[in-house]
Amino acid sequence: MAEPGVVEPGADRRWRLRHLPVLLGASAALAAVAAMVGGLTGGLTAAFGAAAGVGVTVLSYTLTTVVLARADQVNPQLLLPLGVGLYVLKFSLLGAVLVAVASTGWPGLIPLCLGIVAGVAVWTAVHLWWLTTVHARRPQG
């Protein structure tokens with residue numbers, strides 16, 4: 001029996017990322033829908049802004065997922081400091097980017113923000129669905 005927090009040889013090291021393809025697929029579908037809705041309601045700029053907003057969310061969440069999965073493999077005690085550090089870094093960068101974009105007067109800012117919100121909602125909903133259905137049915141141990 002291995003020490004707590006140590007991955008045994010032969011253990012499934014990919015379980016931490018197994019949900020990622022489903023989330024990325026749902027996000028790609030959302031980006032397409034967001035672009036269509038943006039295009040229909042506000043033209044090309046809104047289409048780009050909405051799709052880019054979804055992309056910002058996907059990039060952020062994917063980065064967190066991959067970094068924390070790797071940290072958990074290396075040493076589970078890294079999860080809290082890396083998770084908090086990523087959270088602070090990502091929201092600081094997001095705030096700085098939104099302020100910079102807002103200062104330009106770009107008309108795609110509102111669709112960008114709505115795309116971010118939609119991306120967060122869909123990523124969270126699909127992740128919860130995956131955890132409560134697909135992952136919950138997996139044999140444990």
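View 1. Leaving aside neighbours within four places in sequence, Leu68 is in contact (heavy atoms within 4.5 Å) with Leu79, Leu82 and Gly83. Leu68 and Arg16 are 52 residues apart in sequence, and their C-alpha atoms are 8.8 Å apart in space.

The model shown in these views is predicted, so that local features need pLDDT of at least 70 and side-chain atom pairs count only at pLDDT 80 or more, whereas totals for chains, interfaces and linings use all residues. Residues are numbered from 1 along each chain as its sequence is written, and side-chain values use heavy atoms, with hydrogens and water left out.

**View 2. The salt bridge between Arg16 and Asp72****.** The structure holds one salt bridge, defined as a side-chain nitrogen of Lys or Arg within 4 Å of a carboxyl oxygen of Asp or Glu. In this salt bridge the side chains of Arg16 and Asp72 meet at 2.8 Å, N to O. Because Arg16 lies in the segment before H1 and Asp72 in helix H1, the pair ties together parts that are 56 residues apart in sequence. Both Arg16 and Asp72 are buried, the relative accessible area of Asp72 being 16%. Not counting residues up to four places away in sequence, Asp72, in helix H1 (residues 20-74), touches Trp15, Arg16 and Leu79.

**View 3. Packing of H1 against helix H3****.** H1 and helix H3 (residues 109-134) pack at an angle of about 40°, with their axes 12 Å apart; the axes are lines fitted to C-alpha atoms over the stretch in contact, and angles run from 0 to 180 degrees between N-to-C directions. That angle makes H1 oblique to H3, since angles under 35 degrees count as roughly parallel, over 145 as roughly antiparallel, 65 to 115 as roughly perpendicular and the rest as oblique. The residues of this contact of H1 with H3 divide into 23 nonpolar, ten polar and no charged.

**View 4. Helix H2 and the residue that follows****.** The buried residues of H2 are Leu86, Lys90 and Val101, and these buried residues pack against H1 and H3. H2 is followed by Gly105, whose phi is positive, near 80°.

Terms used
Helix = DSSP H or I, 4+ residues; strand = E, 2+ residues; numbered from the N terminus. Buried < 20%, exposed > 50% of the residue type's maximum accessible area, 1.4 Å probe, protein only. Nonpolar A, V, L, I, M, F, W, Y, C, P; charged D, E, K, R; others polar.
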